[in-house]
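Thanks for coming, everyone. Please bring up the structure on your screens, and we will walk through chain B together.

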Protein chains: 2
Amino acid sequence: MAVIDPWGAGAITNYDHVFKEFGLKPFPSEWNARFKSPLFRRNVVIAHRDFDKVIARIGAKKPFAQLTGIASSGPYHLGHKVDVDLFLALKKAGAKCFFCVADLDGYLSRPDEKIPSLATAQKWAIENVKDLLALGLEPSDIYVQSNYKKEYYAFAFSLSKKMTMNTFEGIYGHLDMGKIGANFLQYADILHPQLPAFAGKMPCVTGIGLDQDPHARAARDIAKRLDVGIELPAFFYFRHQSGLKEGAKMSASEPDTAIFLSDSPEAAAKKISRAFTGGRNTVDEHRKLGGDLSVDKVYELLLFHHPDDKLLESVAKDFSSGQMLSSEMKKIAQDYFGAWLKEHQKKARSFESQAKKIVLG
Amino acid sequence: MAVIDPWGAGAITNYDHVFKEFGLKPFPSEWNARFKSPLFRRNVVIAHRDFDKVIARIGAKKPFAQLTGIASSGPYHLGHKVDVDLFLALKKAGAKCFFCVADLDGYLSRPDEKIPSLATAQKWAIENVKDLLALGLEPSDIYVQSNYKKEYYAFAFSLSKKMTMNTFEGIYGHLDMGKIGANFLQYADILHPQLPAFAGKMPCVTGIGLDQDPHARAARDIAKRLDVGIELPAFFYFRHQSGLKEGAKMSASEPDTAIFLSDSPEAAAKKISRAFTGGRNTVDEHRKLGGDLSVDKVYELLLFHHPDDKLLESVAKDFSSGQMLSSEMKKIAQDYFGAWLKEHQKKARSFESQAKKIVLG
């Protein structure tokens, strides 16, 4: 297993002080086996808060819930697919599903130049929902912030009484009004599955990146003050897939750093061919020293998205030993993602009218 | 007319500097005739913003809308009835009606000791809606903040992008988070009737007290920044009925200052008997000097609520001249409100199940 985990057990210790400071616990590797998912097997999930409650519910075959959300402010890329794949893994493990298509958040937390109106965010939401359905979510797993039940909205507004300005400023620093609105929606997203009008009180978990922990702390702080009895929301923390360029984050605003779910196989192949790799300067050097897996963005792509453990293991071995060149690994990725994108886009197109109905009602 | 207007034309000039500072215009007395209502005839409405647009629409027999709201945080008293009577007068003049039962506002803007949960505010909302129906509103005139259309909530959240913290602090000073939530709901209340999902773009007016003008300015400021085309909201400003004690406001938290719509005729009679009057210290003095109408709380009660202009005029004349004693005016008020309360409460009781349906859905 260590072979196909470029971060290794050692890398996690780098997070130790972060975990301690914020009260996170390392995600025990024995939990990974509970989820039939390459992402868990490949140690993508690194930390948690109260996830042991979820494990206990799975063990006792009792219900639990999960909430994940993505702001609708542009097209999905492969980084978003990781959120969805993790969500699907917990669904398979029995979670009651709440996938939030956050169009209001997309509108409120992005500048007007990018998202000038809620209608723009809703247009993106339709594209996003097509992707979600093509990735394997069912319509009943999904809700859209601007098109939901009254109990959700009343709850979101109610929460504003449960946090002081001081706490808010302490967690986020200075924030504009739109972000306050977006954040209270986010707390409602995380907490509402446990209301009587939804799944009812039960452990409810949300998967996020470490950078989003302030929202988790805020949501847990609010949950403690609620008069409706709910469990503190649980969280698991996963590594973000990085961008295709050296050191870059995968970002919708820098299209070359990400492969979008709407990219043509040709466009994706081009991005892969230009990706930063761990290959050496010359073929001779590469054969002699072997490639550096730990910085290789193409390998990371495969690690996050290729379903075949065996293939991944042999790529890792062959590239590290110098037997496989970067160009060869790129070819594997281009072939895999080319076929995958074609198939995905065909599915996504077929969900057009269903997505419109889900977003606009 | 001057006789039954204790404030007189002179008193209004006291507001002149307030009007100028905030850009309000005095409400021209010739407009009062457009509304078949004692409150308009008795000069209760004193100022406006853009109400000329409403007058023009009435003249052209074109549609206009009105929005009024009362926070649900306790029982209605006669002061609230003034809001409702003004609303009914504009309804008679052709307004499309949006009467907001503000239960979320009631919860968010009141301390937890008073309104510990949204459920508490909703319990008051049911009582309030019973009163509204008994006062003459129809179910279709009423909406409840926690039980409304998704377009309203999406709009309320969207508005948070249209106001900066600085503007907000400039208008209100420091505010807690709950009040921010309550205020954005209030802006949505004032502006939403003009959205396509509701009445559509047209002049829309809200009646408020002068002390609520900050909300009017904020709502107009936001309206200017919206990408959906709407008219700036119009406002009219009416005098608040004062409390029954000397100098006191009518207040639900000081029960002796107000007659509640749920008070028994006996309780109301007692409050009236203890009200502050403009009667003189002795009967002789009263006969000689006449009563002082301008401070008489019983007369104010009649002025705001007794439908009979002739009776009011003769009470004013006889009391001012000293012919009528305070005890005699009190008897008139006790008889009138006693019968009115009995009849009102009978009606209100009959609306119990309808009110529950309106509030809880």
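**Inside the sheet of chain B**

Let's start with one pair of residues: Thr206(B) stands opposite Phe235(B) in β7(B). Keep in mind that this is a predicted model.

How does the chain get from β6(B) to β7(B)? It passes through helix α11 of chain B, residues 213–225. That β-α-β crossover is right-handed. The two strands, β6(B) and β7(B), run parallel, and four bridges join them.

Now look at the other partner I want to show you. Strand β2 of chain B, residues 45–49, is joined to β7(B) by four bridges too. Here the strands run antiparallel. His48(B) is the residue opposite Phe236(B) in β7(B).

A word on background. Strands of a sheet pair through backbone hydrogen bonds, in either the parallel or the antiparallel sense.

Stay with β7(B). Is this strand mostly covered or mostly open? Mostly covered: five of its five residues, 234–238, are buried. In a regular strand, side chains alternate between the two faces of the sheet. In β7(B), Ala234(B), Phe236(B) and Phe238(B) point one way. Phe235(B) and Tyr237(B) point the other way. All of these are buried.

Zoom out to the whole sheet. It is open, with seven strands in the order β1-β2-β7-β6-β3-β4-β5 of chain B, and the pairing is mixed. Which strands stand at the edges? They are β1 (25–26) and β5 (142–144) of chain B. Each has a single partner strand, so one side of each is left without a neighbour in the sheet.

Next, β3 of chain B, residues 65–71. This strand pairs with β6 of chain B, residues 204–208, in the parallel sense over two bridges. Ala65(B) sits opposite Cys204(B) in β6(B). Helix α7 of chain B, residues 118–135, packs on the sheet and touches β3, β4 (96–102) and β5 of chain B. The direction of α7 makes about 150° with that of β4(B).

Last stop: the contact with chain A. On chain B, 27 residues are in contact with 27 residues of chain A. Elements giving two or more residues to that side of chain B are α6 (103–109), α8 (150–159), α9 (165–172) and α10 (177–191). The residues on that side divide into 15 nonpolar, eight polar and four charged.

α10(B) has 15 residues and spans 21 Å from its first C-alpha to its last, close to the 21 Å expected. Of its 15 residues, 14 are buried, so α10(B) is largely enclosed by the rest of the structure.

Definitions and conventions. Residues numbered from 1 in each chain as written. Chains lettered and ligands numbered in written order. Predicted model: local features only at pLDDT ≥ 70, side-chain atom pairs only at ≥ 80, totals over all residues. Contact = placed C-beta atoms within 7 Å. Nonpolar A, V, L, I, M, F, W, Y, C, P; charged D, E, K, R; others polar. Pairing = 2+ DSSP bridges. Axes fitted to C-alpha atoms, helices over the stretch in contact; angles between N-to-C directions. Expected span 1.5 Å × (residues − 1). Buried ≥ 20, exposed ≤ 12 C-beta atoms within 10 Å, placed from the backbone. Right-handed = clockwise from strand over helix to strand, strands pointing away.
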